[in-house]
Amino acid sequence: MNTPLPRAYWCHTDVDGGPDRPAPEGLLTTAPGPAVAWMRESVRGMTPRLDRDAFHRAWAWLGDHRGAAVAVQALRRGQLYAYELDTPAARWRWTAYPVSVLPLPLDHLPIEPPVRSHI
């Protein structure tokens, strides 16, 4: 009997133009929450080097917590999620998408913690 391959989430950054620093390393994780968190941390890490306009657009995206939850749900449904930020020097694109992985030991990959209710 064929069993489906386990799902994982691949995250990476693409840069069009001349970046002032290399793109962050990619991430492979077994849950969508860490994928979106990686994207947000990567964007947050570059905000000090942004011009005023790009800085405000990045922080508006970072402040959209409901949008982050929607991104996690989209990934759970098997949809790609991406965030794009134009700067005077380059266009940055962070992408996370579900992938099927071979059944290898995945114990070294981050696992999403259980969801807790705050009600």
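A contact here means heavy atoms within 4.5 Å. By that criterion, among contacts in the chain between residues at least 6 apart in sequence, 62% join residues at least 24 apart. The model is a predicted one.

Start with the overall layout. The chain has 119 residues, and buried residues make up 36% of them. Its secondary structure comes to three helices and four strands. Read from the N terminus, the order of elements is β-β-α-α-α-β-β.

Turn next to the helices. Two packed helices are described by the angle between their axes and the distance between the axes. Helix α1 spans residues 32–46, and helix α3 spans residues 65–76. These two pack at an angle of about 135°, and their axes lie 9 Å apart. The crossing of α1 past α3 is right-handed.

Which residues of α1 and α3 make the contact? From α1 come Pro 32, Gly 33, Ala 35, Val 36 and Arg 40. From α3 come His 65, Ala 68, Ala 71, Val 72, Leu 75 and Arg 76. Sorted by class, this contact of α1 with α3 has seven nonpolar residues, two polar and two charged.

Now the aromatic residues. A pair of aromatic rings is described by the distance of the centres and the angle of the planes. Searching the whole structure finds four aromatic pairs. One of them joins Tyr 83 and Trp 94. Their rings are 5.9 Å apart centre to centre, with 25° between the planes. Planes under 30 degrees apart count as stacked, and the pair of Tyr 83 and Trp 94 is stacked.

Where do these two residues sit in the chain? Tyr 83 belongs to strand β3 (residues 81–86), and Trp 94 belongs to strand β4 (residues 90–100). The pair therefore ties together parts that are 11 residues apart in sequence. Both Tyr 83 and Trp 94 are buried.

Trp 94 has another partner in Trp 92. This pair is also stacked, at 5.9 Å centre to centre and 15° between the planes. Is the setting of Trp 92 and Trp 94 buried or exposed? Both residues are buried.

Trp 61, Tyr 83, Trp 92 and Trp 94 form one aromatic cluster.

Key: Residues numbered from 1 in each chain as written. Predicted model: local features only at pLDDT ≥ 70, side-chain atom pairs only at ≥ 80, totals over all residues. Heavy atoms only, no water. Axes fitted to C-alpha atoms, helices over the stretch in contact; angles between N-to-C directions. Left-handed = near helix turned anticlockwise from the far one by under 90°. Nonpolar A, V, L, I, M, F, W, Y, C, P; charged D, E, K, R; others polar. Phe/Tyr/Trp six-rings, centres within 6.5 Å; stacked < 30°, edge-to-face > 60°. Buried < 20%, exposed > 50% of the residue type's maximum accessible area, 1.4 Å probe, protein only.
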